[in-house]
Amino acid sequence: MKQPQRPNFWQRDLVEGKDLRELTTLNLGPTHPATHGIFQNVLTLDGEIILDTEQTIGYIHRAFEKIAERRPFYQIPTLTDRMNYCSAPINNMGWHMTMEKLCGIELPKRAQYMRVVVMELARIADHIICNTIIGQDAGATTPFLYVYQWREKIYDIYEEICGARLTTNMGRIGGWQRDWNPLVWERIGGILKDLPPVLKEFEKMLVRNRIFMDRTVNCGPLSGERALAYGFTGPNLRACGVDYDVRVADPYSSYEEFDFVIPVGQSGDTYDRFMVRQQEMWESLSIIRQALDKLDAMTDKTSIHADVPDWMLPPKEEVYSAMEPLIWHFKIVMGETDVPAGEIYHCVEGGNGELGFYLVSDGGRTPFRLHLRRPCFIYYQAFPEMIKGSMLSDAILTMSSMNVIAGELDA
Amino acid sequence: MLGFAVKTERDQLVKEAMVARGGTILQVEHERDLLCISVEKEALHDVLGVLRDDFGFGSLTTLCGMHFPGEELELSVVYHLHNMREGHRIRVKSRTAMDHPEFRTAVDLWPAANWMERETWDFFGIRFAGHPNLKRILNMEDFPAFPLRKDYPLEDPTRQDKDDSFFGR
């Protein structure tokens, strides 16, 4: 009797006209520790080779765009920091700057530099999360537990600035709600002093590590052309070799005065994405140093917001003791500030790409329409193409290196 | 500032080219931040193709829907295109009536449009002809409404205990 030949594991051989491959359907997610967020991938596997992926998202959709249509402008930052919660201050500042662009508010330089400092701290925190998780998924648990401490220390700074750690709601339209206290400056100094040796240790552990390189080099690669077609932005696009950075292309908050390098990769694989983020942390540290130098050199040591009484709450002591500030306070909190009608698109370089706000105002107390350009919603659709034909464990690494944040994905 | 001058010159060029296309362009305006053109529904795909191929707008930044209740052409789509090489952005708008809310898909121009169009379908009920997989993306598949249309209430309309006519819109 003729024995049927065993099909080659790697090939789609047809034996006597019959496909003898045994395909597996695997649900990766919605809640799986390796997806680092709530989204589902239905994988079709041949052995361990991924043939196809069906993505399901929307598990934590909270309708921010709809809610924003019923909220005074003043109350919208709390929605933005629930998007990319790993770098919430960037989202907050992005929204404030959108409003400032609409209303024509110009911030004093000191407040702008303070924004730069906090946005770069947020970028470092975001990249620490992403890069240590890449290490974790490749089997290196140490950085996740060790380098992560510095993310907590950055959160200590947020806490001292605004009272919150994760969902910061930091700053106000027109500047800052209050000046930073000495502890903030001290802690920023501490980060600048203590983080570089830790980053060096982190790099020593992973960058030329044979095991790490074997796992990440050529894992989930994408060409620059495909990345642009898929609307990639941020570190993921730069890893593919395209030097697009909103901070340079469309400078905001005085970024044009800073001297920094845009790191780019070549092959757009997991290793390049890791390295681009790693290099960006060094650049961010350098930007913070430059900002602190600029702040030191300034004669102005007090101004924290533009002269916009329509947006800045009066001091609490006055609100509790005098009529006029009380009226102003209520006027602002109830959203009675006049806003010009018009359309604005403003974007900032978020932790994982170009975070855009398309705001349409009809002059009312709430936005007529607010569309949020969430970078990971747009680039996550390239995931099936990036992992097709690779191993299941590579898909996990590719996903964590793309820095997909469920809150931003689903808005 | 040199960069700005070049930008406006380029904007001028795009504007002239678009105006030269005659009837398809309804309106060219310079909104406070960037050049903005309104296009007839039938010509939209054509114009997007020209912008991508002849003017280098190689990236689709966003695509979103809008709803203007009570107007003749109630629904609208807004595209933000980006020419990264030269640093220009442009906003392209088009509108459609409620009885046949359909545009041609832009997935053949930018694969990134795939999910953006699904999102627009999900929230506004605007269909995109030729889309490979036009189904809801963020809401559940049997969701009965298009929630970002203005007539969809944010709060439960049957609630009696809360009068928020003083708040919001």
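Helix α3 (residues 88–103) and helix α4 (residues 109–137), both of chain A, pack with their axes 7 Å apart and at an angle of about 140°. That angle makes α3(A) oblique to α4(A), since angles under 35 degrees count as roughly parallel, over 145 as roughly antiparallel, 65 to 115 as roughly perpendicular and the rest as oblique. This is a predicted model, in which local features need pLDDT of at least 70 and side-chain atom pairs count only at pLDDT 80 or more, while totals for chains, interfaces and linings use all residues. Residues are numbered from 1 along each chain as its sequence is written, and chains are lettered from A and ligands numbered from 1 in the order in which they are written.

**Helix packing in chain A**
- On the α3(A) side the contact is made by A:A88, A:P89, A:I90 and A:M93, and on the α4(A) side by A:R115, A:V118, A:M119, A:A122 and A:R123; two residues are in contact if their C-beta atoms, placed from the backbone, lie within 7 Å.
- By class, this contact of α3(A) with α4(A) has seven nonpolar residues, two charged and no polar ones (Ala, Val, Leu, Ile, Met, Phe, Trp, Tyr, Cys and Pro count as nonpolar, Asp, Glu, Lys and Arg as charged, and the others, Gly among them, as polar).

**Nonpolar core**
- The largest nonpolar core has 145 residues, of which A:V117, A:L121 and A:L409 touch the most other members.
- Such a core is a set of buried Ala, Val, Leu, Ile, Met, Phe, Trp, Tyr and Cys residues joined through C-beta atoms within 7 Å, where buried means that 20 or more other C-beta atoms lie within 10 Å of a residue's own.
- α4(A) gives the most to this core, with 16 residues.
- Leaving aside residues up to four places away in sequence, A:L121 touches A:I154, A:I157 and A:I288.

**Contact between chains A and B**
- Chain A puts 32 residues into the contact and chain B 28.
- On the side of chain B that touches chain A, β3 (59–67) and α3 (113–124) of chain B each supply at least two residues.
- β3(B) provides the largest share of that side, six residues.
- By class, the side of chain B that touches chain A has 14 nonpolar, nine polar and five charged residues.

**Sheet in chain A**
- Three strands form an open sheet in the order β3-β4-β5 (chain A), with antiparallel pairing; two strands pair if DSSP finds at least two bridges between them.
- The edge strands, β3 (23–28) and β5 (49–56) of chain A, each pair on one side only.
- From one strand to the next, the twist averages 20°.
- Strand β4 (residues 40–46) of chain A runs antiparallel to β5(A) and is joined to β5(A) by seven bridges.
- A:L43 stands opposite A:T53 in β5(A).

Terms used: Axes fitted to C-alpha atoms, helices over the stretch in contact; angles between N-to-C directions. Helix = DSSP H or I, 4+ residues; strand = E, 2+ residues; numbered from the N terminus. Buried ≥ 20, exposed ≤ 12 C-beta atoms within 10 Å, placed from the backbone.
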